[in-house]
Amino acid sequence: MLIKILSDIEDSRRRQGFRYELPHILTFSVFAVLSGADSYRKIHTFMDVHYELLNDIFDLNWKKIPAYTTVRNIIKGASTESLENVFVDYSLQLTEETGEISFIAFDGKVLRGSFDHFNDQKAAQCLSAFMTDNKIVIAHREIEEKSNEIPAAQDLIMKLGLTGKVFTFDAMHCQEKTLKAAKETGNDAIVQVKANQKILLNDCEKTAETKQASDSYKEPADKARNRVESRKVEVYEDVILSDNEKWENVEVIIKVEREREFFDTKTKQWKTSDEISYYVSTINLSAEEFCKGIRGHWGIENSNHYVRDVSMNEDRSRIRDNPHIFSRLRSFALNIMRANKVKNVAQELFRNCMNIANILNYKGVM
């Protein structure tokens with residue numbers, strides 16, 4: 001299944017002297033990343049070690065293993081746009097419809113090791129769309145060097161081709177154009193409101209102070225190690241907006257109160273902290289559903305960005321030439337593991353490096 005879908009990627013190389021097929025190289029690269037590879041040299045080593053098995057399965061008949069420089073040039077020369085289109089199709093095939101509201105979180109990430117001071121190149125940035133229920137990345141968009149996440153997110157919304165989804169954003173994306181883009185594509189959006197939209201934030205606070213909540217939900221306390229956290233979510237349908245035309249797509253205002261108790265190991269005492277956040281939404285859901293969507297948004301940090309940096313060494317990668325290609329290989333690998341219900345990614349990578357059969361038995365691979 002994987003090599004078949006990767007065969008749809010455009011190969012811009014000349015046919016003269018054409019020795020190694022792009023789908024094979026990309027497929028084996030994903031296998032290598034699933035085994036813990038984080039560089040072109042390690043992908044080459046993976047092919048070298050497992051060549052006999054790969055030859056039996058894929059009927060390669062290579063006269064010799066490609067050099068790591070050949071592997072590098074083939075991968076970094078792949079069409080980013082074509083690879084992204086294939087990635088989106090493949091990722092959506094891996095997702096499972098639950099019949100419930102589908103929340104998709106948007107957030108950007110810097111590929112910190114991709115900077116190149118010699119060529120005056122800043123670290124590359126990439127925006128990801130992350131399906132919070134399945135923990136699967138469904139799309140990416142490169143962020144231009146002199147731009148930011150906001151236009152990249154609006155462009156990605158328009159080009160995803162999805163309908164009936166609820167997109168969630170942090171406060172940076174509290175823009176009327178972002179809400180409009182979601183509605184025009186048949187989707188909805190939930191976005192946090194902070195001081196970058198001061199008038200709207202004041203409207204949210206005034207609404208919560210003077211209006212009656214239409215629905216509320218108290219989440220059961222979440223206990224983890226030395227911390228206890230609980231949330232209360234209130235929904236306000238009767239909203240106060242100073243600029244109704246600008247925020248015409250806002251249906252409700254959501255107030256989230258977080259209470260935390262944590263044990264201070266220095267003082268040996270329990271301490272408390274309270275936090276109030278506000279959100280606006282283009283769709284009216286129950287308070288419990290809003291709680292799920294808002295809490296799930298931060299899964300893109302914990303289950304995607306953190307895992308990529310700690311378990312897959314993305315931040316330490318010094319790939320500087322077209323680093324978005326290798327980043328997508330990590331997304332392919334991570335999505336395959338998530339689709340196969342892998343919880344501990346670091347442990348799974350270690351298992352895979354000891355036994356390639358684990359990879360070949362994954363759903364979505366063969």
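These are my notebook entries on one protein chain, taken from a predicted model.

**Entry 1. Ground rules**

I recorded that residues are numbered from 1 along each chain as its sequence is written, and that side-chain values use heavy atoms, with hydrogens and water left out. Because the model is predicted, local features need pLDDT of at least 70 and side-chain atom pairs count only at pLDDT 80 or more, while totals for chains, interfaces and linings use all residues.

**Entry 2. The whole chain**

I looked up the secondary structure and found 14 helices and 10 strands. These are DSSP runs, numbered from the N terminus: helices are H or I of at least four residues, strands are E of at least two.

I then checked the overall dimensions. The C-alpha trace spans about 75 × 50 × 45 Å along its principal axes.

Buried means under 20% relative accessible area, exposed means over 50%, and partly exposed lies in between (1.4 Å probe, protein chains only). The accessible surface comes to about 18300 Å², and 45% of it belongs to carbon and sulfur atoms. Such areas come from the Shrake-Rupley method with a 1.4 Å probe; for residues, only the protein chains shown count as cover.

Among contacts with a separation of 6 or more, 62% join residues 24 or more positions apart. Contact means heavy atoms within 4.5 Å.

I also recorded 52 positive and 56 negative side chains, with the centres of the two sets 7 Å apart. Lys and Arg count as positive and Asp and Glu as negative, with His and the chain ends not counted.

**Entry 3. Nonpolar cores**

In soluble globular proteins, nonpolar side chains tend to be buried together. I therefore looked up the nonpolar cores, which are sets of buried Ala, Val, Leu, Ile, Met, Phe, Trp, Tyr and Cys residues joined through side-chain atoms within 4.5 Å. The largest core has 94 residues, of which Leu2, Leu6, Phe31, Ile75 and Phe106 touch the most other members. Apart from this core lies another of 14 residues, including Val256, Tyr279, Ala287 and Cys291. For Leu6, leaving out residues up to four places away in sequence, I listed contacts with Pro23, Leu26, Thr27, Leu83, Val86 and Phe332.

**Entry 4. Two lysines with positive phi**

Most residues other than glycine have a negative phi. I noted Lys135, whose phi is near 60°, a positive value. Lys135 lies in the loop between strand S2 (124-131) and strand S3 (136-143), and its relative accessibility of 37% makes it partly exposed.

I noted Lys341 as well, with a positive phi of about 65°. Lys341 sits in the loop between helix H12 (323-339) and helix H13 (345-354), and is exposed at 56% relative accessible area.

I found Lys223 in strand S7, exposed with a relative accessible area of 69%. Its C-alpha is 9.9 Å from that of Phe262, 39 residues away along the chain.

Asn226 occupies the loop between strand S7 (222-224) and strand S8 (227-236) and is partly exposed at 36%. Beyond its neighbours within four places in sequence, Asn226 contacts Glu261, Phe262, Phe263 and Trp270. Asn226 and Ser216 are 10 residues apart in sequence, yet 28 Å apart in space, C-alpha to C-alpha.

I placed Glu144 in the loop between S3 and helix H7 (149-160), where it is exposed at 56% relative accessibility. Glu144 and Ala124, 20 residues apart in sequence, are 8.3 Å apart from C-alpha to C-alpha.

Asn304 lies in helix H11 (residues 299-310) and is buried, with a relative accessible area of 1%. Not counting residues up to four places away, Asn304 touches Ser128, Phe130, Val137, Gly299 and Leu334. I also looked up Ser331, 27 residues from Asn304 along the chain; the C-alpha atoms of this pair are separated by 9.0 Å.

Conventions. The place of a charge is taken as NZ of Lys, CZ of Arg, CG of Asp or CD of Glu.
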